[in-house]
Amino acid sequence: VRRFNRDLLAVTIEPPGTPTLEVWVVHLKSNSGGREAAEPIRLAEAEAVRRLLDTRLSADPDARIAVLGDYNDVWGSRTVETIAGAGSTALWSAASSLEGAPPDTSNQGAHQSMIDFILCSPALAQRYVPGSIRIPPGSPETTGSDHNPVAASFDLR
């Protein structure tokens, strides 16, 4: 069974006096070589992330988890919808608080779109500081990356 082209990085942050925060960093398969070849790999990666989330959130529905990074797919795609899930363990996108069309995070060439996300477990979504999401523009020349960063603030107290 294929799981990840690139490992899922999971980091647990233990701030003093507050519950832990888990940060899961994804970098799913790109469409390099064509979407038809990449989609089954990316979807398998997404399904593996979702299985891990289901296990973790079943054990602790109050877990504060951010699944963030380069999804290499857009909101509404099977890949992102698979990770986001549905029902009581569905992840919330910090970008959903943006008004209008979301800004591009992929900032080069003909494929400019929002493909980088911060998805939050229900418990972490409740800690989001309204209006705090930021997606500053950049370029390889100015920021060293072909992706614009996605940042948001959370009150972890």
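These notebook entries record what I looked up in the structure shown above.

**Entry 1: the model**

I note that this is a predicted model, in which local features need pLDDT of at least 70 and side-chain atom pairs count only at pLDDT 80 or more, while totals for chains, interfaces and linings use all residues. Residues are numbered from 1 along each chain as its sequence is written, and side-chain values use heavy atoms, with hydrogens and water left out.

**Entry 2: the chain as a whole**

I began with the elements and found four helices and five strands. Helices (H or I, at least four residues) and strands (E, at least two) are DSSP runs, numbered from the N terminus. Read from the N terminus, their order is β-β-α-β-α-β-β-α-α. The radius of gyration is 15 Å, close to the 15 Å given by the globule rule for 157 residues, so the chain is as compact as a globular protein of that length. That radius is taken over C-alpha atoms, and the globule rule is 2.2 Å times the number of residues to the power 0.38. Along the principal axes, the C-alpha trace spans about 45 × 40 × 25 Å.

I then looked up burial, where buried means under 20% relative accessible area, exposed over 50%, and partly exposed in between (1.4 Å probe, protein chains only). Of the 157 residues, 41% count as buried. For contacts, the criterion is heavy atoms within 4.5 Å. Among contacts between residues at least 6 apart in sequence, 69% join residues at least 24 apart.

What is the strand order of the open sheet? I read it as 1-2-3-5-4, with mixed pairing across the five strands. Strand 1 (9-13) and strand 4 are the edge strands, each pairing on one side only. Two strands count as paired if DSSP finds at least two bridges between them. In general, strands of a sheet pair through backbone hydrogen bonds, either parallel or antiparallel.

I followed the pairings across the sheet in that order. Strand 1 and strand 2 run antiparallel and are joined by five bridges; Ile-13 has Leu-21 of strand 2 as its bridge partner. Strand 2 (residues 21-27) and strand 3 run parallel, with six bridges. Here Val-23 is partnered by Ala-66 in strand 3, and Glu-22 by Ile-65. Strand 3 (residues 65-70) is joined to strand 5 by five bridges, and the two run antiparallel; Leu-68 stands opposite Ile-118. Two bridges link strand 4 to strand 5, also an antiparallel pair, and Ser-93 stands opposite Leu-119.

**Entry 3: cover over the strands**

How many residues of strand 5 are buried? I found that five of its five are, and the strand is mostly covered. Asp-116, Ile-118 and Cys-120 point one way from strand 5, while Phe-117 and Leu-119 point the other way, and all are buried. In a regular strand the side chains alternate between the two faces of the sheet. Strand 2 is also mostly covered, with five of its seven residues buried.

Is Gly-109 buried or exposed? Its relative accessibility is 58%, so Gly-109 counts as exposed. Gly-109 lies 37 residues from Asp-146 in sequence and 9.4 Å from it in space, C-alpha to C-alpha.

Leaving aside neighbours within four places in sequence, Ser-113 is in contact with Val-74, Asp-104, Thr-105 and Ser-106.

**Entry 4: Asn-72**

I found Asn-72 in the loop between strand 3 and helix 2 (78-84). Phi of Asn-72 is near 50°, a positive value in a residue other than glycine. With 11% relative accessibility, Asn-72 counts as buried.

**Entry 5: Val-150**

Where does Val-150 lie? I located Val-150 in the segment after helix 4 (140-143). The C-alpha atoms of Val-150 and Phe-117 are separated by 6.7 Å, although the two are 33 residues apart along the chain. Leaving aside neighbours within four places in sequence, the contacts of Val-150 include Asp-116 and Ile-118, both buried residues of strand 5.
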